[in-house]
Amino acid sequence: MPQKKPMSDAELAAFEASQDFEALLVQSAREMGAGKTRKVYTPVVAARENAGLSQAGFAELLGVSVRTLQQWEQGRREPTGAAKTLIAIAEKMPEALRAVDPNYKAPRRAPSRTKAKQIKA
């Protein structure tokens with residue numbers, strides 16, 4: 001994806017002046033209250049939740065920073081190489097994580113997708 005040229009101070013000021021941020025915030029709150037949101041659910045989120053791990057725990061298991069994991073979950077970056085393979089294994093066979101981490105405890109029940117980040121539709 002090509003990088004966009006940063007706005008100049010004048011362009012940023014003009015953009016901000018053209019926005020009614022209070023109205024946008026009120027509209028977003030109303031949409032959230034009415035359930036007019038959709039869930040962002042990536043394969044990385046699915047793998048982590050299926051394994052029953054926090055972001056910190058999953059990142060540690062994969063050997064990456066929490067920030068890197070967050071970028072994968074938000075779709076800003078894609079995992080490559082071994083990380084992609086480990087994520088696929090975690091999604092399909094979370095019990096395999098026990099072989100990697102003796103402290104790993106499998107979730108007692110299927111994870112709920114209601115925890116996925118919500119954004120406005």
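User: Leaving aside its neighbours within four places in sequence, which residues is Gln71 in contact with?

Analyst: Contact here means heavy atoms within 4.5 Å. With neighbours up to four places away in sequence set aside, Gln71 has as its contacts Arg76 and Arg77.

User: What pLDDT do local features need in this model?

Analyst: Residues are numbered from 1 along each chain as its sequence is written, and side-chain values use heavy atoms, with hydrogens and water left out. This is a predicted model: totals for chains, interfaces and linings use all residues, side-chain atom pairs count only at pLDDT 80 or more, and local features need pLDDT of at least 70.

User: How many helices and strands does the protein have?

Analyst: Helices (H or I, at least four residues) and strands (E, at least two) are DSSP runs, numbered from the N terminus. Reading from that end, the elements go α-α-β-α-α-α-α-α-β. The tally for the protein is seven helices and two strands.

User: Is Gln71 buried or exposed?

Analyst: Gln71 sits in helix H5. Buried is under 20% relative accessible area, exposed is over 50%, and partly exposed is in between (1.4 Å probe, protein chains only). Gln71 has a relative accessible area of 17%, so Gln71 counts as buried.

User: What does the side chain of Glu73 make a polar contact with?

Analyst: Glu73 is also part of H5 (residues 66-73), and Glu73 is buried at 7% relative accessible area. A polar contact is a pair of N or O atoms within 3.5 Å; within protein, one must be able to donate a hydrogen and the other to accept it, and residues adjacent in sequence count only if both atoms are side-chain atoms. For the Glu73 side chain, the partner at 2.7 Å is the side chain of Gln55.

User: How are H4 and H5 oriented to each other?

Analyst: Axes are lines fitted to C-alpha atoms, for helices over the stretch in contact, and angles run from 0 to 180 degrees between N-to-C directions. For H4 (residues 55-62) and H5, the axes come within 9 Å and cross at roughly 105 degrees. Angles under 35 degrees count as roughly parallel, over 145 as roughly antiparallel, 65 to 115 as roughly perpendicular and the rest as oblique. That's why H4 and H5 are called roughly perpendicular.

User: By class, which residues does the contact of H4 with H5 have?

Analyst: On the H4 side you've got Gln55, Ala56, Phe58, Ala59 and Leu62, meeting Val66, Leu69, Gln70, Trp72 and Glu73 of H5. Ala, Val, Leu, Ile, Met, Phe, Trp, Tyr, Cys and Pro count as nonpolar, Asp, Glu, Lys and Arg as charged, and the others, Gly among them, as polar. Sorted that way, the H4 and H5 contact has seven nonpolar, two polar and one charged residues.

User: Which residues of H3 and H5 make their contact?

Analyst: The H3 and H5 axes are 7 Å apart, at an angle of about 120 degrees. That pair is therefore oblique. The residues making the contact are Val44, Val45 and Arg48 of H3 with, from H5, Leu69, Trp72 and Glu73.

User: In which hand of crossing does H3 pass H6?

Analyst: H3 (residues 43-51) and H6 (residues 81-92) pack at about 50 degrees, with axes 7 Å apart. That angle is why H3 is oblique to H6. A crossing is left-handed if the near helix is turned anticlockwise from the far one by less than a right angle, and right-handed if clockwise. H3 passes H6 in a crossing that is left-handed.

User: How far apart in space are Pro43 and Glu91, C-alpha to C-alpha?

Analyst: Pro43 belongs to H3 and counts as exposed, with 53% relative accessibility. Beyond residues up to four places away in sequence, Pro43 touches Ile87 and Glu91. Pro43 and Glu91 are 48 residues apart in sequence, and their C-alpha separation in space is 7.8 Å.

User: What is the relative accessible area of Ala51?

Analyst: Ala51 is in H3, and its C-alpha is 7.0 Å from that of Glu91, 40 residues away in sequence. Seven of the nine residues of H3 are buried, so this helix is largely enclosed by the rest of the structure. Ala51 is one of the buried residues of H3, with a relative accessible area of 0%.
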